[in-house]
Amino acid sequence: MVDDDKMGSSGWLQRLRARAGWVEKSSLQQGAQPPRQERSQSVNSTSHLHSEGARQAYERSIAKEKGKAQQGKNRSDLLDIPLNELPVVVIDLETTGFEPYADEIISIGARKITGISWEPEESSVMYELLNPGMQIPAHIEYLTGISNDDVAHAPNVGAGLSRFIGFVDNRLIIAHASGHDKAFLRNALWRYHRHTWRYRMLDTMLVARWLYPEQKELDLDTLAQMHHIEIERRHHALHDAKATGELWILFVEQAMKRRVTTLREMYMYLSRY
């Protein structure tokens with residue numbers, strides 16, 4: 001063995017310094033920073049991407065808020081339109097069952113009314129059979145008269161809802177015993193279109209409770225019979241919607257006789273019930 005391998009020898013010290021120099025050089029190479037100009041370009045590029053992303057996110061948020069504000073304005077505007085001028089759409093649904101998360105809509109019926117007058121039928125009526133993507137139970141076929149064969153080639157629920165959304169526009173929705181219809185529409189609109197429920201809906205059963213506080217039975221058949229309204233075909237979405245519309249027209253007339261002239265005023269009375 002050579003003596004300069006021992007600590008303290010001049011050879012050992014030289015080799016130690018050489019190794020230290022190599023490590024330092026290697027470390028610098030591995031952790032080397034890009035030239036100043038390249039670093040500046042990289043930072044500017046990243047900053048631009050962040051700025052552009054922030055701008056787009058901001059524009060999306062502004063558009064969303066404008067949409068919400070417009071929807072809120074439209075809903076609010078309905079409150080102060082005189083009842084004898086109020087645009088409404090009266091609706092009814094038929095479904096495969098009664099569970100909105102498990103069952104599907106098989107038909108939608110809707111008709112438009114302004115004030116106390118039906119709008120021209122050629123442009124104000126919607127009736128659509130829908131393919132639920134599942135078997136219609138036998139008892140529902142019997143109840144509604146809608147068979148699996150009837151809906152086999154019908155549009156799917158998503159397509160039917162698209163047409164329904166356009167048909168409703170910004171009108172007040174009227175329905176009888178509306179909890180069922182609203183639950184199905186709310187769930188289906190979200191499932192098929194990621195479209196949140198943002199429509200004002202009024203239940204004619206609630207209006208009847210205000211107008212006839214002593215009347216215990218407020219189902220559609222009973223109220224129709226009370227007012228001599230003939231339902232051409234029960235549990236048919238369009239015919240049930242028409243009967244509900246006839247009730248609504250009578251209820252508006254009665255409300256106005258009580259000097260209730262706007263939807264806002266009507267809501268004040270309905271809140272007691």
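The legends below walk through several close-up views of one predicted chain.

Residues are numbered from 1 along each chain as its sequence is written, and side-chain values use heavy atoms, with hydrogens and water left out. Because this is a predicted model, local features need pLDDT of at least 70 and side-chain atom pairs count only at pLDDT 80 or more, while totals for chains, interfaces and linings use all residues.

**View 1. The whole chain, to get our bearings.**
The chain holds 11 helices and six strands; helices (H or I, at least four residues) and strands (E, at least two) are DSSP runs, numbered from the N terminus. Of its 273 residues, 38% count as buried. Here buried means under 20% relative accessible area and exposed over 50%, with partly exposed in between (1.4 Å probe, protein chains only). Among contacts with a separation of 6 or more, 69% are between residues 24 or more positions apart, a contact being heavy atoms within 4.5 Å. The accessible surface comes to about 16400 Å², and 52% of it belongs to carbon and sulfur atoms; these areas come from the Shrake-Rupley method with a 1.4 Å probe, and for residues only the protein chains shown count as cover.

**View 2. Strand β1 and its two partners.**
Take a look at strand β1, residues 87-95: eight of its nine residues are buried, so the strand is largely enclosed by the rest of the structure. Strands β1 and β2 run antiparallel and are joined by nine bridges; two strands pair if DSSP finds at least two bridges between them. In this pairing, E94 has S107 of β2 as its bridge partner. With β5, strand β1 runs parallel, and three bridges join the two. There, V89 stands opposite I173.

T96 sits in the loop between β1 and β2 and is buried, at a relative accessible area of 2%. Its side chain makes a polar contact of 3.1 Å with the side chain of D103. (A polar contact is a pair of N or O atoms within 3.5 Å; within protein, one must be able to donate a hydrogen and the other to accept it, and residues adjacent in sequence count only if both atoms are side-chain atoms.) Beyond its neighbours within four places in sequence, T96 is in contact with residues including E104, I106, P132, M134 and I140.

G115 lies in the loop between β2 and β3 (117-118), and its relative accessibility of 0% makes it buried. Setting aside neighbours within four places in sequence, G115 is in contact with L83, N84, E85, L86 and W248. I81 is 34 residues from G115 in sequence, and their C-alpha atoms are 9.6 Å apart.

The side chains of E121 and R111 meet in a salt bridge, at 3.8 Å from N to O. E121 belongs to helix α3 (residues 121-124) and R111 to strand β2 (residues 105-114), so the pair ties together parts that are 10 residues apart in sequence. E121 is exposed, at 53% relative accessible area, whereas R111 is buried, at 9%. A salt bridge is a side-chain nitrogen of Lys or Arg within 4 Å of a carboxyl oxygen of Asp or Glu, and by this rule the count comes to eight.

D221, R234 and D240 are linked in a network of salt bridges. Within it, the closest N and O atoms of D240 and R234 are 2.9 Å apart. D240 is buried, at 2% relative accessibility, and R234 is partly exposed, at 29%. Another salt bridge joins E246 and K242, at 3.3 Å between the closest N and O atoms. Both residues lie in helix α10 (residues 237-257), four residues apart, or about one turn of the helix. E246 is partly exposed at 24% relative accessibility, as is K242 at 33%.

**View 3. Helix α8 and what covers it.**
In helix α8 (residues 204-211), the buried residues are T204, V207, A208, W210 and L211. They cover an arc of only 160° around the axis, which puts them on the same side of α8; the arc is that of the directions from the helix axis to the C-beta atoms. Their cover includes β5 (172-175), β6 (201-203), α9 (220-226), α10 and α11 (263-270). At the start of α8, a side-chain oxygen of D203 reaches to within 2.8 Å of the backbone nitrogen of M205.
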